[in-house]
Amino acid sequence: MTWLSANEIEALALSLSVAFRSVLLSLPFAVLLAWVLTRRQFVGRTVLDAFVHLPLVLPPVVIGYLLLLLFGARGPIGGWLERAFGIELIFTRNGAALATAVMSFPLMVRAMRISLENVDRGLEDAARTLGAGALDRFATITLPLMLPGVLAGAITAFSAALGEFGAVITFVSNIPGETRTLPLALYTALQTPGGDAAAARLALISCVLGLGGLLLSEWFARRVRHMLGR
Amino acid sequence: MLKVAAKKHRGAFALEAQFELPTPGVVALFGRSGCGKSTLINVIAGLLKADSGHVVLDDAVLLDTQQHIDVPPERRRIGYVFQDAKLFPHLSVAANLRYAQRRARVPAYVGMDLVSDLLDLGALMHRRTHQLSGGERQRVAIGRALLSQPGLLLLDEPLASLDASRREELLPYLETLRDQLAIPMVYVSHHFDDVLRLATHLVLMESGKTTAQGNLSDMSLNPGVRAIIGADAVGAIVEGTVLGADPDSGLLRVQVGHGELKVHFGKAANGAKLRVQLLARDLIVATRAPQQLSVRNSLTGVVTAVMSDDDDSDLIAIDIGGTIIIARVTKAATRELGLAAGLSVWALVKTVSLRPHPI
């Protein structure tokens, strides 16, 4: 990749790293929420559902701002994380990962829910009559059968995380090597005189990554469907 | 003994069920589609909550709403064979079976080899579940339920999704299970043929209620059962004892009541029990001893009741020595022969119209 500058390679590597952390962070919560929203009836379910979807409808800047309030050095959660675990989020790539995780969370949950809704509850009942307790059933029947949705959700969220701009720049700023991901680098290039060529290259990388993600997701989905015999 | 009582109201539907089954035995929950049979076995399995009721299997109280006992389904040790098998699609046949085996909560008394033998699963073991035919799927589902080492087996219309030839293919396996394993079974069906071949007891369900119950012979005479199975299938199911082969004809002689029937049936040991269905439409009633007829079977008896069945015909109940059979005759015949309770009659039936089954 000699036609990419060191800065651009850095942005690419950082984007992948941030997206990877983001997916890793949100995956367990997304599975849990997808399950709760699909399989549980409780008061406030609609509100929770709306809350999960909030990042889809709010301006990303608002999400970034809310994250600053909550997870900033003096925010209730951010302060506690730093005191208790020494985790710093503000101006760090972990912070960027958090911002992208929140933004791509609804996409992930949505993909998993569609998949989970297609899992025949009769199979869980069957497992139950065979002696499987709740956790056992989830781990051995529900989760494997919703795997296509989990994978699709993870890949979609990964692709979306690579491109998240507004929430990231608001929450963790635009620091080269730490929070300057591909879209931020692209934005910076456009702001820099003579950065047109760099902007074009970064845009091209983004397109290739996005397309690759979609194709990969489709390929995975097919493999899994084949595995499940559908 | 399996004792079940359950009440459940859900919208306009009300379940009010109560039955008992001596164990081991096979009880058929019989009734029209939508009469609550599946709801009732889901309550027995614990998958549905009853408003009130109890489920007691021998000494084990699995449900008693008064004592606030409600053992969760995963600890009830009740095997459940679903109408559409519910095999786990992400596991092979062998893995489906092992899934049950590994989760059994008591020492194994039904082993993988036995199940594989009884249900002919050997050749299917490494297949994926979507590669199985409907009948094969049900065999695997039955095997899987057995490997969970159940104290009771529930079968929810396991043959319903199969065509006639597949049903015939699967029924012998179910008969083998009944004969070789002493596991009590509750068999849900709206097919009287299955019931006839498998069940020892019958519980009749009508719009959510259990309206009658008893052993199969008694229940074969029940008006509610007759109404469901249709005029042509009405008939007594009698239990008989094999007396031996008839040397001239090669037919099997079977004692029923104080009379004797000759039936087509392969080999059976003397003293073995057979169940024979005598369809009402196939019986001929005579008031004098019949002579020089091709009919092989003539049973003497006493009319116990004349029941009007429809505008044209009556059902005549005849006691042939502690066993009741029923014949359908036209009302004109009832009048001409003067059929009435107390009259001695001969009941004639052709051997070719008898359908014997082992018990």
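One open sheet in chain B has five strands, ordered β16-β20-β17-β18-β19, with antiparallel pairing; strands here are DSSP runs of E of at least two residues, helices are runs of H or I of at least four, and both are numbered from the N terminus. Two strands count as paired if DSSP finds at least two bridges between them. The edges belong to β16 (284–286) and β19 (324–330) of chain B, each of which pairs on one side only. From one strand to the next, the twist averages 45°. Inside this sheet, β17 (residues 297–308) and β20 (residues 344–349) of chain B run antiparallel and share six bridges, and B:V302 sits opposite B:S344 in β20(B).

This is a predicted model, with local features needing pLDDT of at least 70 and side-chain atom pairs counting only at pLDDT 80 or more, while totals for chains, interfaces and linings use all residues. Residues are numbered from 1 along each chain as its sequence is written, and chains are lettered from A and ligands numbered from 1 in the order in which they are written.

Another open sheet of chain B also has five strands, in the order β14-β13-β12-β15-β21, and its pairing is antiparallel. β14 (259–263) and β21 (355–358) of chain B have a single partner strand each, so one side of each lacks a neighbour in the sheet. Neighbouring strands are turned by 40° against each other on average, direction ignored. β12 (residues 235–245) and β13 (residues 252–256) of chain B are joined by four bridges, and B:G244 faces B:R253 in β13(B).

Then there are the helices. α2(B) packs against α4 (residues 134–147) of chain B at about 25°, with the axes 7 Å apart; axes are lines fitted to C-alpha atoms, for helices over the stretch in contact, and angles run from 0 to 180 degrees between N-to-C directions. That makes the two helices, α2(B) and α4(B), roughly parallel, a label for angles under 35 degrees. Residues making the contact (C-beta atoms, placed from the backbone, within 7 Å) include B:V93 and B:L97 of α2(B) and B:V140 and B:L147 of α4(B).

As for the two chains, their contact takes 22 residues from chain B and 16 residues from chain A. On the chain B side, β7 (78–81) and α2 (93–102) each supply at least two residues, and β7(B) gives the largest share, three residues.

Notes. Parallel < 35°, antiparallel > 145°, perpendicular 65-115°, else oblique.
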